[in-house]
Amino acid sequence: MQKYQSTVFRANVPPGPFLSKNPSVIVLVDGKSFPILFDVSKVEKKDVFTGTFMPSTEFTGGYRTLSYLDPSEPNHAKLKRLMFFLLSYRRDKIMPEFHVSYTDMFESLESQLAAEGKANFGEANDQAAFNFLARSLYGTNPADTKLGLDGPKLIGKWVLFQLSPLLTLGLPKLLEDLLIHTFPLPPALIKADYKRLYDFFYDSSARILDEGEKMDLSREEVCHNLLFATCFNSFGGMKLFFPSMLKWIGRGGRQLHAKLAAEIRSAVRTNSGKVTMAGIEQQMPLTKSVVYEALRIEPPVPLQYGKAKTDMVIESHDSRFIVKEGEVLFGYQPFATKDPKIFERPEEFVADRFVGEGERLLKHVLWSNGPETENPTLGNKQCAGKDFVVFISRLLLIELFLRYDSFEIEVGKSPLGASVTLTSLKRASL
């Protein structure tokens with residue numbers, strides 16, 4: 001970007017030639033050019049979910065899952081409608097099951113803090129997230145099945161094998177390039193692990209499989225898509241975003257913690273001591289803003305891709321660029337959502353940025369593969385679980401600040417997002 005003095009430029013991106021036929025892309029890093037990636041009348045989304053290469057379909061039972069389908073493909077609308085059904089038919093279970101799973105998590109973290117003086121949030125969150133998703137969406141407690149507590153570990157390995165060409169694991173560069181950046185890792189090595197996950201979802205999702213058959217989808221294709229949507233998309237999002245959000249709020253300090261605790265507890269008191277939808281939507285503006293600000297400053301899916309359907313002109317704030325049919329567009333979202341021509345103090349975490357008049361800026365929050373002010377449809381690629389992710393992120397803050405006045409953290413790095421260690425949890429002084 002500095003080399004070309006432009007927010008739109010050509011570059012080569014990983015992985016290398018053995019994994020990608022053509023690493024050349026047009027990079028978009030400003031808030032004006034970036035949204036072209038959401039216009040499916042101008043860009044094709046077929047097989048670009050992970051960029052200029054696509055992991056083998058052997059990782060997903062031989063099927064191209066919804067994330068890799070363009071809206072023009074027949075199964076896209078069917079599978080996305082099925083995801084809407086999945087999120088809606090057990091919606092009354094989301095709040096109670098979140099409370100159960102994350103109460104267990106916080107109790108575990110307290111015990112670890114008491115015994116060791118610190119507690120790893122990421123590991124505890126992984127188990128809580130998977131338990132919550134399984135209980136709320138499928139009505140199954142993993143601990144009561146053959147899968148046991150192994151879900152997060154199996155998912156981690158499965159995702160690593162798919163995304164290895166794009167990851168940095170911290171190994172010596174030559175060794176890392178040789179092991180994971182030159183050739184794809186073979187799916188056969190995790191076939192048995194994937195089968196365990198598949199069997200769990202197949203046994204737990206009869207109602208959804210039945211619904212899929214009504215749409216002329218095979219039970220097998222539906223199950224592979226449910227596994228991908230739940231484990232890669234939903235669990236992966238919670239694994240990345242919850243520690244990230246906790247990091248930013250932790251750095252916000254006790255003053256921010258006190259404001260969030262006061263707002264959340266006041267709303268709960270107003271609603272007879274209960275966490276209600278009305279209270280969350282209407283009485284917690286700072287809580288809502290904090291979630292949006294965390295999604296803005298460090299979006300959980302930072303990279304978006306699309307292939308130009310025709311010759312076109314893309315505009316940045318101050319220039320126009322010709323793009324040829326078939327060229328791959330690559331958007332780096334953390335730059336686009338820190339565009340100084342859109343956001344004041346873009347590099348800072350401003351907790352109340354989206355309160356009141358600040359809500360007008362929500363159209364520039366793009367984490368869901370679309371503007372926050374728009375909604376997912378059968379004909380676009382915006383995340384089917386957009387509202388679900390925002391909602392459960394608010395639930396995490398509610399659970400946190402109903403239990404605690406403040407907390408302290410240490411932050412490290414990991415191959416996937418931030419590594420957050422809790423060093424203090426100050427119990428609520430009610």
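Which side chains meet in a salt bridge at 2.4 Å, N to O? They are those of Glu327 and Arg10, a salt bridge being a side-chain nitrogen of Lys or Arg within 4 Å of a carboxyl oxygen of Asp or Glu. This is a predicted model, in which local features need pLDDT of at least 70 and side-chain atom pairs count only at pLDDT 80 or more, while totals for chains, interfaces and linings use all residues. Residues are numbered from 1 along each chain as its sequence is written, and side-chain values use heavy atoms, with hydrogens and water left out.

**Salt bridges**

- By this rule the count comes to 26 salt bridges, and Lys32, Glu315 and Arg320 are linked in a network of them.
- Glu327 and Arg10 form a salt bridge that links distant parts of the chain, 317 residues apart, with Glu327 in the loop between β7 (320-323) and β8 and Arg10 in strand β1 (residues 8-12); helices (H or I, at least four residues) and strands (E, at least two) are DSSP runs, numbered from the N terminus.
- Asp193 forms a salt bridge with Lys157, their closest N and O atoms being 2.8 Å apart; Asp193 lies in helix α6 (residues 191-204) and Lys157 in helix α4 (residues 151-163), so the pair ties together parts that are 36 residues apart in sequence.
- Asp193 is buried, with a relative accessible area of 17%, whereas Lys157 is partly exposed at 36%, where buried means under 20% relative accessible area, exposed over 50%, and partly exposed in between (1.4 Å probe, protein chains only).
- Arg254 forms a salt bridge with Glu408, with the closest N and O atoms 3.4 Å apart; Arg254 belongs to helix α8 (residues 219-270) and Glu408 to strand β9 (residues 404-413), 154 residues apart.
- Arg254 is exposed, with a relative accessible area of 54%, while Glu408 counts as partly exposed at 39%.

**Strand pairing**

- Strand β5 (residues 303-308) runs antiparallel to strand β3 (residues 43-44), joined by two bridges, and Glu44 stands opposite Lys307 in β5; two strands pair if DSSP finds at least two bridges between them.
- Five bridges join β5 to strand β8 (residues 328-332), also in an antiparallel arrangement, and here the bridge partner of Tyr305 is Phe330 in β8.

**Helix α12**

- Helix α12 (residues 386-403) has 18 residues and reaches 27 Å from its first C-alpha to its last, close to the 26 Å expected, the expected span being 1.5 Å times one less than the number of residues.
- Of the 18 residues in α12, 15 are buried.
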